[in-house]
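Here is a short briefing on one protein chain. Keep the sequence and the structure open while you read.

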Amino acid sequence: MARVPPLTNSTATSAGVHQDNKGIALGAGAYVIWGMFPAFWPLLAPADSGEILAHRIAWSLVVMALLTAVLGRWSSLRTLSARGWLMVAAASALIAANWGVYIYAVNSGHVVEAALGYFINPLVSVVLGVLVLRERLRGLQYAALGIAVTAVVVLAVDYGRLPWISLVLACSFGVYGLIKKTVPLDATSSLTAESIVLGPIAVGYLLWLGSAGTFHSNGWGHALLLASSGLVTAVPLMMFGAGARRVPLTTMGMLQYLAPILQFAWGVFVAHEPMPASRWFGFGLVWAALAVFTADALHSRRRSRLLVAPIE
């Protein structure tokens with residue numbers, strides 16, 4: 001019988017590097033897909049934002065129901081408590097609002113403003129941690145938030161209004177993430193549960209549209225694009241979930257900036273949305289706040305490692 005070699009440090013390191021590389025690739029792939037969403041939603045015109053949102057939810061339900069069946073995870077949904085379903089319903093309302101506003105933003109020429117929402121989302125999550133979880137801020141986190149608030153004021157003056165699309169996207173996704181922490185489901189089962197809550201509403205709306213909708217009136221190509229919105233929703237989420245299990249949360253936190261960077265680039269260089277000097281200045285402040293926030297997160301993680309490292 002062949003003798004199995006012991007797991008040496010080099011072997012363990014090699015496996016860990018392979019695991020990290022695969023996780024980084026999956027996480028980056030998910031964020032790149034999310035970052036390219038501004039290229040997809042306009043393809044669904046002439047359907048309006050409400051109809052596109054309804055199709056996205058309805059076809060997501062189909063995709064996630066099939067996936068949950070294949071993975072054999074229906075039992076986790078059957079045993080979910082009433083409180084769990086209540087939290088799922090709250091999360092569903094928030095993600096529906098987030099998706100709807102994002103689709104509206106992309107299809108109405110506000111891609112840059114939508115990108116801003118996902119740039120400031122990590123900072124909104126910090127504020128929610130303080131207000132809801134009673135977490136304490138470090139000095140650099142206070143500085144990052146101060147710079148971000150200044151940026152929002154600058155951009156509000158530039159737009160002539162509050163950047164409401166950015167704020168709605170950032171706040172809805174931030175609260176959504178906070179609620180998701182209370183739901184005892186994995187990413188796949190959780191999205192399936194949300195689709196179950198939202199699906200009947202979406203299907204009812206599409207039936208109500210009837211002949212006024214665009215599913216049958218613009219050819220099979222357009223119908224297939226509407227149906228593909230379920231896959232477009234599910235695939236990056238599964239990639240993100242698989243990547244998050246393989247790499248540290250800090251790494252995923254760094255990768256998350258890929259999506260708004262790509263969205264911003266699309267809005268400026270492809271959609272040619274206006275970017276006066278004052279708007280560049282406002283975005284520069286946002287990026288400065290994120291740089292301070294990221295530097296603090298990396299420093300805190302490095303310090304935590306030193307504190308828990310064994311004394312040799």
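The accessible surface of the protein chain comes to about 16,300 Å². Carbon and sulfur atoms account for 70% of that surface. The model is predicted. The protein chain has 13 helices and 0 strands.

**Overall build**

- Along the sequence, the pattern reads α-α-α-α-α-α-α-α-α-α-α-α-α.
- The C-alpha trace spans about 75 × 65 × 40 Å along its principal axes.
- The radius of gyration is 21 Å. A compact globule of 312 residues would have a value near 20 Å, so the protein chain agrees with that expectation.

**Packing and charge**

- Of the 312 residues, 42% count as buried.
- Take the contacts between residues at least 6 apart in sequence: 87% of them join residues at least 24 apart.
- The protein chain carries 19 positive and 11 negative charges.

**Helix H7**

- H7 covers residues 139–159, which makes 21 residues.
- From first C-alpha to last, H7 reaches 30 Å. That is close to the 30 Å expected at 1.5 Å a residue.
- Which residues of H7 are buried? They are Gln141, Ala144, Leu145, Ala148, Ala151, Val152, Val154, Leu155, Ala156, Asp158 and Tyr159.
- As a general point, an α-helix has 3.6 residues a turn, so residues three or four places apart point the same way.
- Gly160 follows H7. The phi of Gly160 is positive, near 80°.

- The peptide bond from Ala45 to Pro46 is cis. Its omega is near 15°.

**The loop between H12 and H13**

- His272 sits in the loop between helix H12 (258–270) and helix H13 (277–308).
- His272 is not a glycine, yet its phi is positive, at about 55°.
- Is His272 buried or exposed? Its relative accessible area is 61%. The cut-off for exposed is over 50%, so His272 counts as exposed.

Definitions and conventions:
Residues numbered from 1 in each chain as written. Predicted model: local features only at pLDDT ≥ 70, side-chain atom pairs only at ≥ 80, totals over all residues. Heavy atoms only, no water. Helix = DSSP H or I, 4+ residues; strand = E, 2+ residues; numbered from the N terminus. Rg over C-alpha atoms; globule rule 2.2 N^0.38 Å. Buried < 20%, exposed > 50% of the residue type's maximum accessible area, 1.4 Å probe, protein only. Contact = heavy atoms within 4.5 Å. Areas by Shrake-Rupley, 256 points an atom, 1.4 Å probe, with all protein chains shown as cover. Lys, Arg positive; Asp, Glu negative; His and termini not counted. Charge placed at Lys NZ, Arg CZ, Asp CG, Glu CD. Expected span 1.5 Å × (residues − 1).
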